[in-house]
Amino acid sequence: MYDLIVIGGGINGCGIARDAAGRGLKVLLVEKDDLAGATSSASTKLIHGGLRYLEQYDFKLVAESLNERERLLHSASHIIWPLEFILPHEKHVRPYWMIRLGLYLYDFLGKRTLLPASKGVNFNIHPAGKPLKKIYKKGVSYADCWADDARLVVLNAIDAAIKGAAILPRTECVALKPDNDVWHVTLENKTNGAKKTLAAKCVVNATGPWVRSLLDAKGLAKGETYKIRHSRGSHIIVPRLYDGEQAYILQQEDKRIVFAIPYEQKFTLIGTTDALYDRDPACAEISEDEKRYLCNAVNRSFEKQITVDDIVWHYSGVRPLLDSGDKNLSKVTRDYKLDLETSFGPPLLNVFGGKLTTFRKLSEQAVDQIVSFFPEARSAWTRDAILPGGEISAADFELFFQELKMRYDWADEKMLRRYARAYGTISFQILGRAHAESDLGTHYGDDVYEAEIRYLIEQEW
């Protein structure tokens with residue numbers, strides 16, 4: 001008998017499992033595919049307040065996101081780090097005073113200790129103006145954070161497991177039935193087809209784009225149950241467009257914004273779109289119109305022009321937006337709702353909406369609702385907790401990297417930097433007492449060795 005079974009291995013599901021396990025609950029998390037296999041690995045990979053949400057007067061969401069921004073940076077500074085954003089001014093899209101006022105609010109709402117305040121930029125003298133078309137004379141600079149979204153999900157799952165949770169990826173919930181004060185949850189192993197039924201005192205439905213369809217399929221939706229709208233967000237990746245580590249936030253004629261972000265040293269990540277999507281979320285794929293839209297968004301602002309032929313990779317994901325009735329998808333709230341249903345007997349918590357940046361707060365609030373059924377549960381604990389591998393200061397990442405290089409001075413520097421960013425202090429666990437490349441086992445190419453693969457199999461499912 002489990003206290004809690006969490007269905008869904010995205011950022012919210014893994015965050016809730018981690019929080020609940022840390023409070024002493026007996027937790028099982030199941031995911032029908034791979035951890036972070038859907039929406040949670042298809043983001044723009046930002047931890048940010050959402051500057052454009054200020055235009056929608058969504059001050060609560062922006063403030064909560066900004067407060068979480070530095071909290072997450074503190075908790076996992078190997079996979080999350082500060083990033084400067086340059087916003088070129090286009091007076092016919094938004095007046096300069098509006099942008100400066102918005103950024104003043106952005107600075108005011110967020111509790112900054114590590115990130116700098118926003119400032120005006122003169123492109124005649126600032127190097128960030130060099131890649132831009134000469135029509136841009138000024139703009140603004142502000143700070144948010146970049147994140148490895150899939151690694152963030154996995155680190156939450158690892159921490160949940162450390163605290164006692166069982167994690168079962170490639171395991172689908174095929175039946176969910178209440179019986180007096182217990183849920184009977186039937187699971188199917190997607191690898192071998194084996195089925196088993198387990199019992200839980202409480203279930204969390206954190207299936208993202210499938211949150212409503214799971215309820216409908218199991219006969220658990222009611223007339224007042226929230227509805228969601230699916231929005232497809234697509235990104236393209238092209239060879240690096242410019243020098244420098246700054247990102248750009250580009251205003252578009254349709255009032256949307258598009259990011260251009262340095263990606264994996266040699267590339268630029270461009271996104272995102274916002275298109276109504278009514279098919280299977282697992283099959284989301286970029287359209288030709290979206291490819292052209294993102295290319296045109298870049299070509300409006302940069303000297304270097306691109307076409308769809310320059311795209312080296314692309315990815316798409318489906319956002320499960322809480323249906324607020326607004327016809328314009330860009331104006332639909334990115335906030336979330338936690339729907340606790342008790343009419344079936346045992347409690348069922350459904351998670352509607354949410355975004356990467358606010359997952360910790362969402363998880364804390366979700367478990368706060370659940371623990372009323374578990375009087376022995378401990379209090380909330382994740383606010384200042386460090387994620388596995390993140391036991392390094394955000395200001396001292398390079399110091400940590402130098403320590404890694406000194407200890408393993410025989411190893412390729414490129415490989416060590418990848419380890420430092422992906423695994424943080426877990427790197428010492430993977431590399432262990434190795435004194436040469438041969439100690440890492442079989443080399444599979446591109447600095448991938450058996451020792452890393454074994455770690456991933458044994459510790460990361």
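At what angle do helix α2 and helix α3 pack, and how far apart are their axes? In this predicted model, helix α2 (residues 59-75) and helix α3 (residues 96-109) pack at about 55 degrees, and their axes are 9 Å apart.

**α2 with α3**
- On the α2 side, the residues that touch α3 are Phe-59, Val-62, Ala-63, Leu-66, Asn-67 and Arg-69.
- Their partners in α3 are Leu-105, Tyr-106 and Leu-109.
- Sorted by class, this α2–α3 contact has seven nonpolar residues, one polar and one charged.

**α2 with α7**
- Helix α2 also meets helix α7 (residues 359-370), and here the axes come within 9 Å and cross at roughly 105 degrees.
- An angle of 65 to 115 degrees counts as roughly perpendicular, so that's how α2 and α7 sit relative to each other.
- Glu-64, Glu-68, Arg-71 and Leu-72 of α2 meet Phe-359, Arg-360, Lys-361 and Gln-365 of α7.
- This contact of α2 with α7 splits into two nonpolar, one polar and five charged residues.

**α1 with α7**
- Helix α7 has a contact with helix α1 (residues 11-22) too: their axes come within 8 Å and cross at roughly 55 degrees.
- That angle makes α1 oblique to α7, and the crossing is right-handed.
- From α1, the contact uses Ile-11, Asn-12, Gly-15, Ile-16, Asp-19 and Ala-20.
- From α7, it uses Phe-359, Leu-362, Ser-363, Glu-364, Ala-366 and Val-367.
- By class, the α1–α7 contact comes out as seven nonpolar, three polar and two charged residues.

**Helix α8 and its two sides**
- In helix α8 (residues 397-407), the buried residues are Phe-397, Phe-400, Phe-401 and Leu-404.
- Look down the axis of α8 and these buried residues fall within an arc of 100 degrees, so they line one face of the helix.
- Among the things covering the buried residues of α8 are α9 (413-423) and α10 (426-431).
- Turn to the face pointing away from the buried side of α8, and you'll find the exposed residues Leu-399 and Met-406.

Definitions and conventions. Residues numbered from 1 in each chain as written. Predicted model: local features only at pLDDT ≥ 70, side-chain atom pairs only at ≥ 80, totals over all residues. Heavy atoms only, no water. Buried < 20%, exposed > 50% of the residue type's maximum accessible area, 1.4 Å probe, protein only. Helix = DSSP H or I, 4+ residues; strand = E, 2+ residues; numbered from the N terminus. Arc of directions from axis to C-beta. Contact = heavy atoms within 4.5 Å. Axes fitted to C-alpha atoms, helices over the stretch in contact; angles between N-to-C directions. Nonpolar A, V, L, I, M, F, W, Y, C, P; charged D, E, K, R; others polar. Parallel < 35°, antiparallel > 145°, perpendicular 65-115°, else oblique. Left-handed = near helix turned anticlockwise from the far one by under 90°.
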